[in-house]
Structures are given as C-alpha cells and as structure tokens.
Amino acid sequence: MNSKKISELISLKDKVSIVTGGAGHLGSAISESLAELGSNVIIIGRDVHKGEKFVQQLSSDFDIDASFTSVDVNSKQSIDSFMTNIDKIDILVNNAFTWPTIPKIEDTDWDDFEKTLSTGITSPFYITKKSAEIMKKSSNGNILNIGSMYGMVSPNFKIYQNKPNMGNALAYNASKAAIIQMTKYLAVHYAKWNIRVNCISPGPFPRPGTFSNGKEWFESELKEMNPLHKLGEPWHLKGSIALLASSLGAYITGQNITVDGGWTIW
C-alpha cells in the first residue's frame, strides 16, 4: 500500500510562500500558519514598520526565513518590480484588501467602486498571473485566495439596526464573489502545470475595537447570525490554511472552504 504519514504531508519545509497583506488582522495568522509548518515566508504590504517587526518575530519563533517588502498591490508597476526579484514561489496567498469606506450605494461613486474592485479582484488576478509564470517552471504550485461569506450571500442589513455609516459595501461583496469564481476558473486553467487553486471564505472576524465606542450591541447581532453563536478569531483560519497549503490537500483544487461558524448554511 502506497501511503504517506500526515506529518510528512503537512510539512512545508523548504517551501517559499508569498502572502499579500501578510502582517494584517487575518494575514498575520495566515503567515504564522505557513511559518509553523516550516515554510519560508515573504510578506508584502504597505506598513513597513509593522511588516518588518512581524517578520522578525516569525523568523525568531519558527526558525524560518521571513522577509517583508513594501509593495502597492494596486500598482502594476509596483507588482512587476517586486516580481523581478522572485525566482521561486511554492505558495501564494492573495489576502490583501482595501476596505471601502462608503457602505451606502447611494453615496458610492465610480471611483469608490473601482478602487475596491482593483484591490479585491484585479490585483489578485495580476499577482496570480505573475506568480504562476514562476510556478510553471517547476510544474508545481499552490494558490490560495481569501474570499468571504459575503461573496456567497447578501448581508442581512437588520444587524446594523439602521445605524448611519454602518453596513457592508456592494463593491466588497462583488469582488469576493468574483474571486470565488476566479478560483474555479484558474484551478482548471493551471491544472496542467500541477498548480492547485483554492479559496477560503471567512465569516465574521471582527477587528479589535469593532465593538467599542457604543457599539457593544453589534457583537450580539453578529453572534446571532450563525449556529455556533461565536465570532471568528484569526487562529480559526489555521486549519483550513494547513489543509490547502500543504500536501494534505494534494487532491483538492477549485474549492471554496467557508470558515463562518455556519453563517451561510441557514
């Protein structure tokens, strides 16, 4: 019987991972997951101080090579410049996102919508395309897109209790729906080069401070929206990252794993 141990399958030793926005709220847990499994990690983002401090911690905690590069993921030129210095990529995680600041459709203009779509779908497409060109050379690669439950279902606006300046912008939802579809398309396209493409769609993973300044009520509203009545914490993503980034998921491609406490099942 040709079998492999789970400990061998899950190892990412000597792999090279790139994580966009890899020092952020969810990105830090994603980067840490890859480092824990032995992968060297390249984080790209905008906050140099935060990024460099974080990669120092990763290197120290997990004895891997971690580096940070300042890249504007909304700039083709910035991405091209970064990619010229990369000669090996085993894993790419498209995580970076610029949150729209205007939730109401009536107040959203052309530029507001376009800016969100640029970060949400155009940038991941282009970074994936450039990364796949490198992965093709070794006929091996792994691409993970970070979607959202709101790429699958509409927000229930009742949870915002008609509070001004609260809500979930259409451009965000549209871009996350698009990245789930892009995952399926690219999984088929890149299969011939043994490049797997999958998606993880988190549910409610509130940032620190979300429920401060008189918004304590919002925590209860969110918890009532899923069967587990819990909110996501960044470490809740580690299991799905480990599965899809490693050879544990060697026969999985084109899939979207939803990590939402059951929000989207009712």
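Helices (H or I, at least four residues) and strands (E, at least two) are DSSP runs, numbered from the N terminus. The model is predicted, so that local features need pLDDT of at least 70 and side-chain atom pairs count only at pLDDT 80 or more, while totals for chains, interfaces and linings use all residues. Residues are numbered from 1 along each chain as its sequence is written, and side-chain values use heavy atoms, with hydrogens and water left out.

- Contact (heavy atoms within 4.5 Å) links I195 to A132, M135, K136, N140, G141, N142, I143 and Y190, once its neighbours within four places in sequence are left aside.

- Buried residues (under 20% relative accessible area, against over 50% for exposed and partly exposed in between, with a 1.4 Å probe and protein chains only) in helix 4 are S78, I79, D80, F82 and M83, and their cover includes strand 1, strand 2, strand 3 (66-70) and helix 5.
- The axes of helix 4 and helix 5 (lines fitted to C-alpha atoms, for helices over the stretch in contact, with angles from 0 to 180 degrees between N-to-C directions) come within 11 Å and cross at roughly 20°.
- Helix 4 is therefore roughly parallel to helix 5, given that angles under 35 degrees count as roughly parallel, over 145 as roughly antiparallel, 65 to 115 as roughly perpendicular and the rest as oblique.
- The crossing of helix 4 and helix 5 is right-handed, a term for the near helix being turned clockwise from the far one by less than a right angle, with anticlockwise giving left-handed.
- K76, I79, D80 and M83 of helix 4 make the contact with S123, Y126, I127, K130, S131 and I134 of helix 5.

**Helix 2 against helix 3**

- The axes of helix 2 (residues 27-36) and helix 3 (residues 48-62) come within 10 Å and cross at roughly 30°, so the two helices are roughly parallel to each other.
- Helix 2 passes helix 3 in a right-handed crossing, where S28, S31, E32, A35 and E36 of helix 2 meet F54, L58 and F62 of helix 3.

- N145 is placed in strand 5 (residues 141-146) and is buried, with a relative accessible area of 0%.
- Apart from neighbours within four places in sequence, the residues in contact with N145 are N94, T128, I179, M182, T183, V197, N198, C199 and I200.
- The C-alpha atoms of N145 and I180, which are 35 residues apart along the chain, are separated by 7.8 Å.

**Exposed loop residues**

- Most residues other than glycine have a negative phi.
- D14, in the loop between helix 1 (6-9) and strand 1, has a positive phi of about 70° although it is not a glycine, and D14 is exposed, with a relative accessible area of 55%.
- N213, in the loop between strand 6 and helix 7, has a positive phi near 55° and is exposed, with a relative accessible area of 78%.
- P208 lies in the loop between strand 6 and helix 7 (216-223) and is exposed, with a relative accessible area of 76%.
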